[in-house]
Amino acid sequence: MSGTETSRKRSGEHGTAELAEFASALSIRDIPEHVVERCVDLFVDWAGSALSGARHHAILAVDDFAKEMGPNHGRSEVLISGRMTSPLFAAMVNAAASHVSEQDDVHNGSVFHPGAVVFPAALAVAQNIGASGRDFLTACVAGYETGIRAGEYLGLPHYKIFHTTGTAGTLAAAAAAGRLLGLGSEQMLNAFGSAGTQAAGVWEFLRDAADSKQLHTGKAAANGMTAASLAARGFTGARRILEGEQGMGAGMSRNCDPAKITAGLGVRWALAETSFKFHASCRHTHPAADALLKILHEHDLRADDIQHVTAHVHQAAIDVLGSVVRPATVHQAKFSMPATLGLIAVHRRAGLDEFDTVLEDEAVRELMRRVDMIFDPEVEQNYPATWMGKVSVTIRGGTVLTARVDEPKGDPGNTLTRDEIEKKRVL
């Protein structure tokens, strides 16, 4: 390799190609044992999330669509019903289902939910071709590593408008499906190009309590799989879909650093950095929820003791949660800081059962009126590498109590055990 070529490679100019080469060549022998074990735990967590979406009206609509448009037989399973169909429609329904309960995993630095798009695509393809468990896990790791780096490259300017799980997630699904299909590096590069040109998902749905978020994951998994399957048939795609002059970075973000596309490939395992969700709500609510729980336990407080709660948050939390003023649906309530902290104050939990009745829970609704969010420079400075939680609680008599949590429950440094993962309510 010439000096010029080396310089270009190190600058990330050919980042998409390097990422494709890594994803196509990855072997189970390359992956440290603790990363494989973490992948298994993430899969168990994802399966529970997918099953928990079975009764949601949006998922029933997606499943009904899949029944009408897809075959009623095949090798790939729709988990919420046990129905067998094609890989495409199984991936679509399973991905949508696993994102609706807000119990799926999240990678902090990329602000991306890998499991909701990687596992549905990988499982559907693996079942269809009869892949081994080792190949399945290898493909899932490839998907996580690809999607997380794509999300980190697109960055926070992208996340302000775009739902990264729907955009970077399309490439993640393509990587997982493509690895199972045995794509070579050139084919994987074509798959990434076709995946990226289909990537979509914006946050406007939150203002209307719309169901589009489930479409983001459903289509990301299905479109990524489509891209990989087409690449296996010789279909070509853009070679620099991330860093090109008219690629995703140029069109969907600003000031992207191409070096992030390949940072630490094969050395830094981003999958191992992925967090589990403990509360059944948007991850942006979790740090404050944990900080409030800390105050409740340390001072033995009840909801009636609380005059006011202020959550000190980063700007992205305000961008995502700030549009939900009065939740109209249970799902929209999961994107409400007052609703989440109201449940924590009243029930000391914000799980699936608590959210199911949040709109009718008068004690929670009363507490919601006493919760607000403010921008905090310290929290912002540490985000997204660290999702710090800070709250101020004014109690009866005017005393102000404060608490800070540096690692919310579920983060790698404060992770869930397998027992805690399995005991998360899914039905």
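**Aromatic cluster and its surroundings**

Analyst: Phe43, Trp46, Phe119, Phe136 and Tyr144 are linked into a cluster by ring pairs. This is a predicted model, in which local features need pLDDT of at least 70 and side-chain atom pairs count only at pLDDT 80 or more, while totals for chains, interfaces and linings use all residues. Residues are numbered from 1 along each chain as its sequence is written, and side-chain values use heavy atoms, with hydrogens and water left out.

Rings of Phe, Tyr and Trp (its six-membered ring) pair if their centres lie within 6.5 Å; planes under 30 degrees apart count as stacked, over 60 as edge-to-face and the rest as tilted. The count by this rule is 11 aromatic pairs. In one of them, the ring centres of tryptophan 46 and phenylalanine 119 are 5.9 Å apart with planes at 40°, so the pair is tilted. Because tryptophan 46 belongs to helix α3 (residues 33-52) and phenylalanine 119 to helix α6 (residues 115-129), the pair ties together parts 73 residues apart in sequence. Helices (H or I, at least four residues) and strands (E, at least two) are DSSP runs, numbered from the N terminus. Tryptophan 46 is buried, at 1% relative accessible area, and phenylalanine 119 is buried at 0%. Buried means under 20% relative accessible area, exposed over 50%, and partly exposed in between (1.4 Å probe, protein chains only).

Another ring takes part in a charge contact: the charged end of lysine 409 sits over the ring of phenylalanine 278, 5.9 Å from its centre. The criterion is NZ of Lys or CZ of Arg within 6 Å of the ring centre and within 35 degrees of the ring normal.

Next, helix α9 (residues 185-196), which contains asparagine 190 and serine 194. Both residues are buried, asparagine 190 at 12% and serine 194 at 7%. In contact terms (heavy atoms within 4.5 Å), and leaving aside residues up to four places away in sequence, asparagine 190 touches Ala231, Phe235, Thr236 and Gly237. Serine 194, counted likewise, touches Ala227, Phe235, Thr236 and Gly237. A polar atom of the asparagine 190 side chain lies 3.1 Å from the backbone nitrogen of glycine 237.

Helix α10 (residues 212-232) has 21 residues and should span 30 Å at 1.5 Å a residue, which agrees with its end C-alpha atoms being 30 Å apart. The expected span is 1.5 Å times one less than the number of residues. Just after α10, glycine 234 has a positive phi of about 95°. Serine 212 lies in α10 and is partly exposed at 30%.

Last, the strands. Two strands pair if DSSP finds at least two bridges between them. Strand β3 (residues 306-313) has 6 of its 8 residues buried, so the rest of the structure largely encloses it. β3 pairs with β5 in the antiparallel sense over 6 bridges, and with strand β4 (residues 371-375) in the parallel sense over 5 bridges. Isoleucine 306 stands opposite isoleucine 395 in β5, and alanine 311 opposite methionine 373 in β4. Strand β5 (residues 389-395) also runs antiparallel to β6, joined by 6 bridges, with valine 393 opposite leucine 401. β5 and β6 form a hairpin with 4 residues between them, and glycine 397 in the turn has a positive phi of about 100°.

How values were computed:
A polar contact is a pair of N or O atoms within 3.5 Å; within protein, one must be able to donate a hydrogen and the other to accept it, and residues adjacent in sequence count only if both atoms are side-chain atoms.
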